[in-house]
Amino acid sequence: MRERPGPTALLDHILGAEVASKLERRIERRVRNSGLLESKSLEAFEWNFQPSLDKALVMELARLDFVRRREDLVITGKSGTGKSHLLKAFGLRACEQGVRVKYARCVDLLDDLHAALADGTYAKRLKAWARPELLIIDDVGLGQLKKQGDEPTAAHTLYNLIDRRHTRASTAVTSNIKLSDWGRYLGDTTLTAAILDRLAMNAIRIDIDGPSYRQHVAQERASRQMRKPTKRKRSKTA
Ligand SMILES: Nc1ncnc2c1ncn2[C@@H]1O[C@H](COP(=O)(O)OP(=O)(O)OP(=O)(O)O)[C@@H](O)[C@H]1O
Ligand SMILES: [Mg+2]
C-alpha cells in the first residue's frame with residue numbers, strides 16, 4: 001500500500017512469488033522421487049584434500065552438458081575418495097535443473113530388478129530404470145551380490161539395462177574396484193565385457209587417486225580425543 005505499485009508490477013510480484021514457490025516444490029518432489037537420500041554439494045567438497053582430482057573438469061561436468069549429450073560417466077577410485085559425494089551432488093544439481101534423475105546403489109538396483117523378476121513386473125521395472133535422463137549407479141563393487149536359484153547373474157541384469165540406455169540416456173557410475181575386476185564381481189566375464197564395451201569405453205572417465213576422507217575424519221577425531229584432557233586427569237593434577 002505504501003509503495004502503490006501499478007497493476008502490472010503488483011501482478012508480477014504476486015505471480016513471481018507463486019512461480020518461485022511452485023518451482024521449489026517441483027524441485028523438492030524431484031529430489032524425493034530420485035532416490036537421493038543424502039544431500040551432498042560441491043560447495044562442501046574439500047578440493048585441497050584431493051589434489052589429484054581435476055576440479056575444473058568436475059565443475060564442467062557439474063553443468064550436466066554430458067547428460068544432455070547422453071554421454072556416460074565412470075568414476076573409479078579407492079574407498080572414501082569422494083566418488084559418491086560427487087555423483088550425489090550432480091544428482092541434486094540435476095533435480096534443480098529439471099533433469100529426470102534416479103539414484104541407486106548398484107546392489108539395490110539389482111535387488112529391485114531381481115524382485116521384479118520374481119513378481120512378474122520385470123519389463124515394467126526395467127523400463128522405469130531405463131527412462132531417467134540421468135541414472136546414477138553408485139558403488140559397483142560394494143556389497144555382496146547373492147544369486148538365488150535360477151536368477152540371472154548381476155552381469156546379465158545390468159547388461160540388459162545398460163544396453164537399453166546406451167546412447168539414449170546418460171548413466172553415471174562409481175566403483176571402488178578396477179574395471180578389470182567387474183567380471184568377477186558381476187558373475188560373468190563375457191557379459192561384463194559387453195557392459196564395459198558400451199559403458200566405459202565411450203564414457204568420460206575419472207580416476208580419483210588419493211587418500212580416504214573417511215580415514216582422514218577418523219584420524220582427526222582420534223587426535224582430538226588424544227588432545228582432550230580427561231576429567232579424571234585434570235582432577236589429579238589439581
Ligand atoms: N574431498 C572431500 N571433501 C569433503 N568431504 C568429502 C570429501 N571426500 C569425501 N568426503 C566425504 O567422506 C565420506 C565418504 O565419501 P564417499 O562416500 O563419496 O566415498 P566413496 O569414494 O564413494 O567411497 P566408497 O568407495 O567406499 O563408496 C562422505 O561423507 C563424503 O561426503
Ligand atoms: Mg561410494
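Predicted model: local features only at pLDDT ≥ 70, side-chain atom pairs only at ≥ 80, totals over all residues.
Of the 20 residues around the ligand, the nearest are Gly82, Ser84, His85, Asn176 and Tyr213. Two elements give two or more residues to this shell: helix H4, spanning 83-96, and helix H10, spanning 213-227. The largest share, 3 residues, comes from H4.

Running over residues 7-34, H1 has 28 residues and reaches 40 Å from its first C-alpha to its last, which is close to the 40 Å expected at 1.5 Å a residue. Where does H1 lie, in the open or under cover? Of its 28 residues, the number buried is 2, so H1 lies largely in the open. Just after H1 comes Gly35, with a positive phi of about 90°.

Strand E1, residues 73-77, is mostly covered, with 5 of its 5 residues buried. In a regular strand, side chains alternate between the two faces of the sheet. In E1, Leu73, Ile75 and Gly77 point one way, while Val74 and Thr76 point the other way, and all are buried.

Which strands pair with E1? One partner is strand E4, residues 170-175, which runs parallel to E1 and is joined to it by 4 bridges; here Leu73 stands opposite Ala172. Strand E5, residues 204-208, also pairs with E1 in the parallel sense, over 5 bridges, and Ile75 stands opposite Ile206 of E5.

Note on methods: Residues numbered from 1 in each chain as written. Chains lettered and ligands numbered in written order. Near = placed C-beta within 6 Å. Expected span 1.5 Å × (residues − 1). Buried ≥ 20, exposed ≤ 12 C-beta atoms within 10 Å, placed from the backbone. Pairing = 2+ DSSP bridges.
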